[in-house]
Amino acid sequence: MNGFSLLIGIGAALGLLQIIRRVPDNQSLRWTAAGLGLLAAALAGARAAYVWLNPAYYANHPGAAWQLTEGGLAWPGALAGALAAFCLAALLLRAPLGVAADVFAPMIVTVAVTAWLGAGFSGTAYGAEIHPALPWAIPSTEPEGALTFRWPLQLTAALTLFLAAWSFERRSANWRSPEVRAGAAGLLLAGHTALFSYWRADGGLAFNGLRLDYAAAALLAGLCLLGLLVLGLLRIRASFSDEAPGANRETWFSPRE
């Protein structure tokens with residue numbers, strides 16, 4: 001087992017513990033099973049996206065598409081697979097999308113942290129080459145065998161995401177709306193991913209000139225913003241209801257007398 005696989009496994013286990021911590025004890029088994037389904041769908045999506053991005057090789061080696069031990073995962077595909085499984089899980093669990101997103105969000109962030117760390121072992125998502133005399137320069141062996149020194153992008157990304165998620169978790173613990181907390185967590189992850197993807201020296205994943213990491217981050221941010229917008233509109237609509245606590249519809253657009 002290589003370092004990347006080990007770290008992803010640790011992240012998945014810690015993420016499932018986050019789910020158990022967030023749901024009632026009598027529902028932990030159902031939600032944990034759903035979390036495992038999300039992880040499996042993310043893995044399948046990541047592999048499918050990588051195979052799709054490398055059609056020439058896998059057309060000549062179709063059996064290699066199933067050999068995960070050889071490596072080859074694309075995180076935008078993992079996001080797509082997780083989103084599809086998330087909608088299905090929320091339906092089967094009969095939970096509102098916002099509530100389900102709030103339960104699963106810590107698991108996704110935890111796996112993202114360990115994925116950045118694992119990228120350092122797999123030699124992907126590395127930073128720019130810098131002078132070896134700098135104290136933060138780390139040695140990196142290129143595929144051609146040459147030794148270079150780069151700034152620790154993977155470690156910095158993992159550390160900053162962990163600290164940001166930890167701080168957000170503490171500050172949002174008393175928020176009354178799980179939907180808002182889930183949307184804000186998604187925006188945090190999307191913004192962090194886009195920023196550190198911009199600093200990748202390996203160029204990231206691309207298809208016909210489109211950076212897929214940017215597209216995936218934009219998709220996640222767009223879905224979170226859309227969810228927050230819909231939630232806000234529903235709350236505004238509810239405030240007009242005659243049954244709303246303290247409602248006084250006559251004063252909404254009437255000047256004070």
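## Helix α1 and its neighbours

Let's start with helix α1, which covers residues 3-22: its 20 residues reach 29 Å from the first C-alpha to the last, close to the 28 Å expected at 1.5 Å a residue. That expected span is 1.5 Å times one less than the number of residues, and helices here are DSSP runs (H or I, at least four residues) numbered from the N terminus. This is a predicted model, in which local features need pLDDT of at least 70, side-chain atom pairs count only at pLDDT 80 or more, and totals for chains, interfaces and linings use all residues. Residues are numbered from 1 along each chain as its sequence is written, and side-chain values use heavy atoms, with hydrogens and water left out.

Which residues of α1 are buried? They are L7, G11, A12, G15, L16, I19 and R22, where buried means under 20% relative accessible area, exposed over 50%, and partly exposed in between (1.4 Å probe, protein chains only). An α-helix has 3.6 residues a turn, so residues three or four places apart point the same way. The buried residues of α1 pack against α2 (28-53), α5 (97-122), α6 (153-171) and α7 (178-198).

## Where α4 meets α8

Two packed helices are described by the angle between their axes and the distance between the axes. Helix α4 (residues 75-93) and helix α8 (residues 212-239) have axes 9 Å apart, at an angle of about 30°. That makes α4 roughly parallel to α8. Axes are lines fitted to C-alpha atoms, for helices over the stretch in contact, and angles run from 0 to 180 degrees between N-to-C directions; under 35 degrees counts as roughly parallel, over 145 as roughly antiparallel, 65 to 115 as roughly perpendicular and the rest as oblique.

On the α4 side, W75, P76, L79 and L83 take part, meeting L212, D213, A216, A217, L219, L220 and L223 of α8. Contact here means heavy atoms within 4.5 Å.

## Two cysteines apart

How many disulfides does a search of the whole structure find? It finds zero, a disulfide being a pair of cysteine sulfur atoms within 2.5 Å. C87 is partly exposed, with a relative accessible area of 44%, while C224 is buried at 11%.

## A look at P178

P178 lies in helix α7 and is partly exposed, at 22% relative accessibility. Leaving out residues up to four places away in sequence, P178 touches G98, V99 and D102. P178 and A100 are 78 residues apart in sequence, yet 8.8 Å apart in space, C-alpha to C-alpha.

Definitions and conventions:
Helix = DSSP H or I, 4+ residues; strand = E, 2+ residues; numbered from the N terminus.
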